[in-house]
Amino acid sequence: MTSLEESTLCKAVFLDVAQAFDKVWHIGLLYKLKASLPGPYYLLLHSYLTDRYFQVRYNRMCTDCYDVRSGVPQGSVLGPLLYLLFTADLPTTDYTTIATFAEDTGLLAVHRDPAVASQRLQRHLTLLHNWFILWKIRVNPAKSAHVTFTTRCVTCPPVFLHTTPIPVKHDVKYLGLHLDRQLTWHKHIQTKRQHLDLKLRDMSWLLGRHSQLSLPNQLLLYKCILKPVWTYGI
């Protein structure tokens, strides 16, 4: 928002990490845990991650059991925490901002000159690419997004992840928010209205004028199901 008020450019890249929780490299994770945690905690998490097996069953046929060598247990309380510990040392720079929430990763670079903003962003992307290779994390450039937040009519130079250009888009969805180029929030509001219409249509028999549900219970349903849709991120 500050960049729009000052008529500068805020170039952003939102990276799509492929199968983030399923591809956490156990050897690399245990190395980082041992370096950053006290011994008893490390041993506990080491026991939690090792000696896990999987097999595939189809009808009545089952494969042999194989070691699980990557990934954190899905749906577990520790899963997101272990992923955060694994990615806590993402490289940073003095001229860019990195925003992460679990596997969602965004990079921001602000400057009046589009070439300088792209150059700063590209330097950080190069550092990240080398880090991803080192720790066996795969990023899908085709599903990533490159957006320039500005009110100016300018065309910014492209940026690349290794040799693959990141697609330029006019809007992007990040953490449930639809961010458009000029931050008008038009698409976000439209999407939320459509979402609310669908939910209200499904619940019309409970919230409609012919509903036999008491008013306090209708209000409870509204607060629990409908209100979070339009108040999220407000």
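**A guided reading of the predicted chain**

Tryptophan 185 lies in the loop between strand S12 (177-180) and helix H6 (186-202); helices (H or I, at least four residues) and strands (E, at least two) are DSSP runs, numbered from the N terminus. Although tryptophan 185 is not a glycine, its phi is positive, at about 70°. With a relative accessible area of 29%, this tryptophan is partly exposed, where buried means under 20% relative accessible area, exposed over 50%, and partly exposed in between (1.4 Å probe, protein chains only).

The structure is a predicted model, in which local features need pLDDT of at least 70, side-chain atom pairs count only at pLDDT 80 or more, and totals for chains, interfaces and linings use all residues. Residues are numbered from 1 along each chain as its sequence is written, and side-chain values use heavy atoms, with hydrogens and water left out.

Glutamine 19 belongs to the loop between strand S1 (9-15) and helix H2 (26-36). Its relative accessible area is 45%, so glutamine 19 is partly exposed.

The view may now widen to the whole chain. It contains 8 helices and 12 strands. The radius of gyration is 23 Å, well over the 17 Å that the globule rule gives for 234 residues, so the chain is more spread out than a compact globule. Here the radius is taken over C-alpha atoms, and the rule is 2.2 Å times the number of residues to the power 0.38. Along the principal axes, the C-alpha atoms fill a box of roughly 60 × 55 × 40 Å.

Of the 234 residues, 34% are buried. The accessible surface is about 15,100 Å², and carbon and sulfur atoms account for 58% of that surface; such areas come from the Shrake-Rupley method with a 1.4 Å probe, and for residues only the protein chains shown count as cover. Among contacts (heavy atoms within 4.5 Å) between residues at least 6 apart in sequence, 65% join residues at least 24 apart. The chain carries 26 positive and 16 negative charges, and their mean positions are 4 Å apart. In that count Lys and Arg are positive and Asp and Glu negative, while His and the chain ends are not counted; each charge is placed at NZ of Lys, CZ of Arg, CG of Asp or CD of Glu.

Apart from neighbours within four places in sequence, lysine 32 is in contact with Leu85, Phe86, Asp89, Trp131 and Trp135. Isoleucine 225, in helix H8 (residues 215-231), counts as partly exposed at 31% relative accessibility. When neighbours within four places are again set aside, isoleucine 225 is in contact with Lys199 and Met203. Isoleucine 225 and lysine 199 are 26 residues apart in sequence, and their C-alpha atoms are 8.3 Å apart in space.

The cysteines remain. A disulfide is a pair of cysteine sulfur atoms within 2.5 Å, and by this rule the count is 0 disulfides. The sulfur of cysteine 10 has its closest cysteine sulfur in cysteine 156, at 10 Å, which is too far for a bond. Cysteine 10 is buried, with a relative accessible area of 11%, and cysteine 156 likewise counts as buried, at 14% relative accessibility.
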